[in-house]
Amino acid sequence: MLDKRMEEALNKQINAELASGYLYLSMATYFEDEDLPGFANSLRVHAEEELEHGMKIYDYIIRKNGSVVLEGFETPERQWDGIVAVYEAILEHEELVTSLINDLMDLAEELNDHATIQFLLWFVEEQVEEEELAHEDLRKVRMAVDSRHLLYELDKEYGSLTSNEE
Ligand SMILES: [Fe+2]
Ligand SMILES: [Fe+2]
């Protein structure tokens, strides 16, 4: 049985994960317009992963005999001031998501909800990876942004990415 406060907070996180996916999909459309299909692909893959994160929480709520309640989300950003700005926004967004996961963990601890603590540990580790990856991507684009050749190579690299979700 899920505590009502925990159920509500987990439902909010489903929304946050799906909204993250919507934001990354919007970034993919930005790169499609910029004629960088590889960058678009990597953001699209990231968007799909966020949907999977939302579904993990969806499934957990159902397993705990709770109710999933879906909400809408805001229209995502559509314009950025260049490629580096997009990757700065990704890092900032992942840091925000990390703080949301930490808040969920705080609540689970407050409620002595060991099952949810155990469930959330996957997300704690996932956010370490997400922030690490966001830093790495930002470093790469900062170095490549002034060279058409490097940008082409990076676009090719990002074009071959597929989901690495377990
Ligand atoms: Fe996520
Ligand atoms: Fe993420």
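## Overall fold

Helices here are DSSP runs of H or I at least four residues long, numbered from the N terminus. On that basis this predicted model has five helices and zero strands. Read along the sequence, the pattern is α-α-α-α-α.

The C-alpha trace spans about 55 × 25 × 25 Å along its principal axes. The chain has 166 residues, and 26% of them count as buried. Take the contacts with a separation of 6 or more: 74% of these join residues 24 or more positions apart.

## Helix α1

α1 runs over residues 4-33. It has 30 residues. From first C-alpha to last, α1 reaches 44 Å, close to the 44 Å expected at 1.5 Å a residue. After α1 comes D35, and its phi is positive, near 60 degrees.

## Helix α3

α3 covers residues 83-110. Its 28 residues should span 40 Å at 1.5 Å a residue. The end C-alpha atoms of α3 are 41 Å apart, which agrees. N112 follows α3, and the phi of N112 is also positive, near 55 degrees.

The buried residues of α3 are V86, Y87, I90, E94, V97, I101, L104 and A108. Their cover includes α1 and α4. In an α-helix there are 3.6 residues a turn, so residues three or four places apart point the same way.

## How α1 meets α3

α1 and α3 pack at an angle of about 170 degrees. Their axes lie 11 Å apart. Angles over 145 degrees count as roughly antiparallel, so α1 is roughly antiparallel to α3.

From α1, the contact uses R5, M6, A9, Q13, A16, S20, L23, M27 and Y30. From α3, it uses V86, H93, V97, L100, L104, L107 and A108. By type, the residues of this contact divide into twelve nonpolar, three polar and one charged.

The largest nonpolar core has 16 residues. Those with the most contacts inside it are Y24, M27, A28, F31, F39, A40 and L43. Which elements give two or more residues to this core? They are α1, α2 (37-63), α3, α4 (114-144) and α5 (148-159). α1 gives the most, with five residues.

Leaving aside neighbours within four places in sequence, M27 is in contact with L43 and V86. A second, separate core has 13 residues. Among them are A16, I57, A108 and F123.

## A closer look at Y87

Y87 lies in helix α3. Is Y87 buried or exposed? A residue needs 20 or more C-beta neighbours within 10 Å to be buried. Y87 has 23 inside 10 Å, so it counts as buried.

Which residues does Y87 touch, beyond neighbours within four places in sequence? Y87 is in contact with D137, L138 and V141. H135 is 48 residues from Y87 in sequence, yet the two are 8.5 Å apart in space, C-alpha to C-alpha.

How values were computed:
Residues numbered from 1 in each chain as written. Chains lettered and ligands numbered in written order. Predicted model: local features only at pLDDT ≥ 70, side-chain atom pairs only at ≥ 80, totals over all residues. Core = buried A, V, L, I, M, F, W, Y, C linked by C-beta atoms within 7 Å. Buried ≥ 20, exposed ≤ 12 C-beta atoms within 10 Å, placed from the backbone. Contact = placed C-beta atoms within 7 Å. Axes fitted to C-alpha atoms, helices over the stretch in contact; angles between N-to-C directions. Parallel < 35°, antiparallel > 145°, perpendicular 65-115°, else oblique. Nonpolar A, V, L, I, M, F, W, Y, C, P; charged D, E, K, R; others polar. Expected span 1.5 Å × (residues − 1).
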